[in-house]
Amino acid sequence: MNAGDLSERLRSHDPAVGLRAVGALHRLAEQVEAAAVARAREQGWSWEQIGDALGVSRQSVHAKYGK
Amino acid sequence: MFEQFAAEARATVASALEETTLRGDRRIGTEHLLLGVLHDPGAVRALGTDLETARSALDALDRSALAVVGIDVQGIERAPVPASRKRTPFTSGARAVLPRALAETKKARSRRITPEHLLLALLDCERPDPAAELLAELDIDRTAVRARLTQPG
């Protein structure tokens, strides 16, 4: 999508752009989380520490990322 | 429904699921089905694009949408999301593609749903459907693709 297209759609308050942004934020959060968890594991963080940092239980983070 | 799927079309749905989780999405949408279809060489030929190009186009759509809300994703460390153990349902848009694919199968007097039938059904999606957005971003001529898919031989 080029800049002209995009500004045109913004001017017209195309809800597809705003809704896509929300979906993209969710995807971004998931991808950044996956990268950060992998890095924390490499550096010796426990599942418990990672869970605490993410605000979730040790079990749920381990179920998602544990091998 | 899935018992009418040819092995290749089952593989398409499995690939769509894989694309969904890799991206960190919670439901299989029409855009994931389109990426799934692009795992099939016949569909790649008909569409005149490939999986990597389509994945990048989808990322480009996300990047522009994020730019709108003031987020620049350049240089952010990201990783593919591991497969979830939870069931990944279809979006209602993706669910609606399945009976249309079956209709394409009947039109072609074929017994099983193939990736090409799924693709024909996806080509009928209209904006704001995500597959339609992706086809537009890829600048794909749907009429030409439909002709390539339905011409005999």
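B:Thr12 counts as buried in this predicted model, because 29 C-beta neighbours lie inside 10 Å and the cut-off for a buried residue is 20 or more. B:Thr12 is part of helix 1 of chain B, which covers residues 7–23. Which residues does B:Thr12 touch, not counting those up to four places away in sequence? The list is B:Gly36, B:Val37, B:His39, B:Asp40, B:Pro115 and B:Leu118. B:Leu35 is 23 residues from B:Thr12 along the chain, yet the C-alpha atoms of the two are separated by 8.5 Å.

**Helix 2 of chain B**

Two of the residues touched by B:Thr12, B:Gly36 and B:Val37, belong to helix 2 of chain B and are buried there. How many residues of this helix are buried? The count is eight of eight, and helix 2 of chain B is described as mostly covered. The buried residues are B:Thr30, B:Glu31, B:His32, B:Leu33, B:Leu34, B:Leu35, B:Gly36 and B:Val37. The cover over them includes helix 1, helix 3, helix 4, helix 5, helix 6 and helix 7 of chain B.

**The nonpolar cores**

The largest nonpolar core has 37 residues. Within this core, the residues with the most contacts are B:Leu33, B:Leu34, B:Val37, B:Leu118, B:Leu119, B:Leu122 and B:Ala131. Which elements give two or more residues to this core? Chain A contributes through its helix 2, and chain B through helix 1, helix 2 (30–37), helix 3 (41–47), helix 4, helix 5 (92–107), helix 6 (115–123) and helix 7. Helix 6 of chain B provides the largest share, six residues. Another core, of five residues, lies apart from the largest one, and A:Val37, A:Val61, B:Leu22 and B:Val81 are among its members.

Leaving aside neighbours within four places in sequence, B:Ala131 is in contact with B:Thr30, B:Glu31, B:Leu33, B:Leu34, B:Leu122 and B:Cys125.

**Helix 4 against helix 7 in chain B**

Helix 4 (residues 51–68) and helix 7 (residues 130–137) of chain B have axes 9 Å apart and pack at an angle of about 105°. The two helices are therefore roughly perpendicular to each other, since that term covers angles of 65 to 115 degrees. On the side of helix 4 of chain B, the contact is made by B:Ala54, B:Ala57, B:Leu58, B:Ala60 and B:Leu61. Helix 7 of chain B contributes B:Glu133, B:Leu134 and B:Glu137. By type, the residues of this contact are six nonpolar, no polar and two charged.

Chain A has four helices and zero strands, and its pattern along the sequence is α-α-α-α. Of its 67 residues, 13% count as buried. What does each chain bring to the contact between them? Chain A brings 21 residues and chain B brings 22 residues. In chain A, helix 1 (3–11), helix 2 (15–42) and helix 4 (58–65) each supply at least two residues of the side that touches chain B. Helix 2 of chain A gives the most, with 15 residues. That side of chain A divides into 15 nonpolar, two polar and four charged residues.

**Loop residues in chain B**

The loop between helix 6 and helix 7 of chain B holds B:Pro128. The peptide bond from B:Arg127 to B:Pro128 is cis, with omega near 10°.

**Confidence**

The average pLDDT of chain B is 93, and 99% of its residues score at least 70. For the model, ipTM is 0.83 and pTM is 0.89. Where pLDDT is low, predicted coordinates should not be read in detail.

Definitions and conventions:
Residues are numbered from 1 along each chain as its sequence is written. Chains are lettered from A and ligands numbered from 1 in the order in which they are written. This is a predicted model: local features need pLDDT of at least 70, side-chain atom pairs count only at pLDDT 80 or more; totals for chains, interfaces and linings use all residues. Two residues are in contact if their C-beta atoms, placed from the backbone, lie within 7 Å. Ala, Val, Leu, Ile, Met, Phe, Trp, Tyr, Cys and Pro count as nonpolar, Asp, Glu, Lys and Arg as charged, and the others, Gly among them, as polar. Axes are lines fitted to C-alpha atoms, for helices over the stretch in contact, and angles run from 0 to 180 degrees between N-to-C directions. Angles under 35 degrees count as roughly parallel, over 145 as roughly antiparallel, 65 to 115 as roughly perpendicular and the rest as oblique. A residue is buried if 20 or more other C-beta atoms lie within 10 Å of its own, exposed if 12 or fewer, and partly exposed in between; C-beta atoms are placed from the backbone. A nonpolar core is a set of buried Ala, Val, Leu, Ile, Met, Phe, Trp, Tyr and Cys residues joined through C-beta atoms within 7 Å. pLDDT is the predictor's confidence in each residue, from 0 to 100.
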